[in-house]
Amino acid sequence: MAALLFGLLLFAIQSPPVPSRPTAESRVPLQPTVAPGDARPTGHPNGTLQHLPQIIIIGVRKGGTRALIEMLSLHSSVAAAENEVHFFDWESHFQKGLPWYLTQMPYASPDQLTVEKTPAYFTSGKVPKRIHQMNPNMKLLLILRDPTERVLSDYTQVFYNRLQKHKRYQPIESVLVKDGEINLGYKALNRSLYFMHMQNWLRYFPLESIHVVDGDALIRNPFPEMKRVERFLKLEPQINASNFYFNKTKGFYCLRDHGRERCLHDSKGRAHPHVAPAILHKLYQFFHEPNKKFFELVGRTFNWN
C-alpha cells in the first residue's frame, strides 16, 4: 500500500507536458536582467567587499540549515549572510537582478568565502538552473534529516507559528492521515521526497559539487560532520571539538567561539507532538522506497527508518 501511495503522489506532482505555446509562467526569464559580471563587488572603507556567494546552503527546510550556517561561521575564512535571501525562488526578488542579490551579502575580507542559506531552494524546481547560470562552479551544501522526523518538525514549526498568532491549527493526525491512509496532499510530505528533488539538482550540478550533511548526526555530534564540511570546501582545518558543548537545559549542542558562548534560538529543537505509533509506522513505510532511491542516487546510506 505504501508503494502504491508513493506512486500516486509521484504521478500527481510530475511536471505537466510542455505547452505548444509559452504560458505566463514559462515567459518568466530564467536569469536576472544582468549578467554575473555586472554585479561588481561593493566596497567598504575598511577594505572589505560584498561578493556573490561561492557557497549556498540549499536546504532542506527543517533539516538543520540554521545550525549548519552558524557552525560554519566559526571558521574565520567564512562570511555568512544573516538572513534567508530567497533570491532564486521568489520572483519578486529574482527580478531585481544580481546587483540586488549582491547587496544582501555580508562584507568579507579578500580571503573569505561568502555563504548564504535559503532552505526552500532545494525543493524549488526552477532554482538549480538559475544558480547554475550565475555560477556553474558553485559549492552546494544540503543538510537532510530522517524524512519522517523532518515532516514532524515541519508540522511543529507551523503549529507554533499559528499558536503564537492565535490562529486555529489542525491536529497532526488530521494532516498526516486522510481516510485511513497517508494524506498525499500534505506539502510537508513532498519536501521529504529527497530523491525527486535531488534528481533535478543533478541535471545541472555534478554530485561532486553537492555535499550532503547528515542532519541527524550533526545534532548528535556536530564536530565530525563539520570536519567533513571543511574538507569539502577545502578550508584550512580550524573548527575543533572545543567549539561545541552540550547544553543540558536546551538538550542540544551550543557553540563556543573565542570564549563567547551562544545557542540557537529557542524555536530550534522544539519537542514534536505525540504521534500514534500506527501513524508513525505508516510514515516509515511510505518513505522506505523513496529513501532507497535517494541512497542509490548519492551513493550513500543514512540511518533512516
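**Helix packing and the cavity**

Analyst: Helices α9 and α12 count as roughly parallel to each other, because the angle between them falls under 35 degrees. This is a predicted model, so please read everything below as computed from it. Helix α9 covers residues 194-201 and helix α12 covers residues 277-298; the two pack at an angle of about 30°, and their axes are 8 Å apart. If you want to see where they touch, look at Tyr194, Phe195, Met198 and Gln199 on the α9 side, which meet Pro290, Lys293, Phe294, Leu297 and Val298 on the α12 side. By residue class, this contact holds seven nonpolar residues, one polar and one charged.

Helix α12 has another partner to look at, namely helix α6 (residues 147-164), and here the packing angle is about 125° with the axes 9 Å apart. That angle makes α6 oblique to α12. From α6, the contact draws on Pro147, Thr148, Glu149, Val151 and Leu152, while α12 brings Leu280, Leu283, Tyr284, Phe287 and Asn291. Sorted by class, the residues of the α6 contact with α12 are seven nonpolar, two polar and one charged.

Now let's move to another helix pair. Helix α2 (residues 65-72) and helix α11 (residues 222-232) have axes that come within 11 Å and cross at roughly 70°. This makes α2 roughly perpendicular to α11. The crossing of α2 past α11 is right-handed. On screen, you can pick out Leu68, Met71 and Leu72 of α2 meeting Pro222, Met226 and Val229 of α11. The contact of α2 with α11 consists of six nonpolar residues, with no polar and no charged ones.

The structure holds one cavity of 30 Å³ or more, and the largest cavity contains about 40 Å³ of space. Its lining is made up of Ala67, Glu70, Met71, Tyr253, Cys254, Leu255, Cys263 and Leu264. Two elements, α2 and β12 (252-257), each give two or more residues to that lining. Seven of the lining residues are nonpolar, none is polar and one is charged.

Technical notes:
Residues are numbered from 1 along each chain as its sequence is written. This is a predicted model: local features need pLDDT of at least 70, side-chain atom pairs count only at pLDDT 80 or more; totals for chains, interfaces and linings use all residues. Side-chain values use heavy atoms; hydrogens and water are left out. Axes are lines fitted to C-alpha atoms, for helices over the stretch in contact, and angles run from 0 to 180 degrees between N-to-C directions. Helices (H or I, at least four residues) and strands (E, at least two) are DSSP runs, numbered from the N terminus. Angles under 35 degrees count as roughly parallel, over 145 as roughly antiparallel, 65 to 115 as roughly perpendicular and the rest as oblique. A crossing is left-handed if the near helix is turned anticlockwise from the far one by less than a right angle, and right-handed if clockwise. Contact means heavy atoms within 4.5 Å. Ala, Val, Leu, Ile, Met, Phe, Trp, Tyr, Cys and Pro count as nonpolar, Asp, Glu, Lys and Arg as charged, and the others, Gly among them, as polar. On a 1 Å grid over the protein atoms alone, a cavity is a set of points where a 1.4 Å probe fits but cannot get out, and a pocket is an open set with protein on both sides within 12 Å along at least five of seven lines; lining residues have an atom within 4 Å of a point. Grid points are joined across faces, edges and corners, and a volume is the space filled by probe spheres set on the points.
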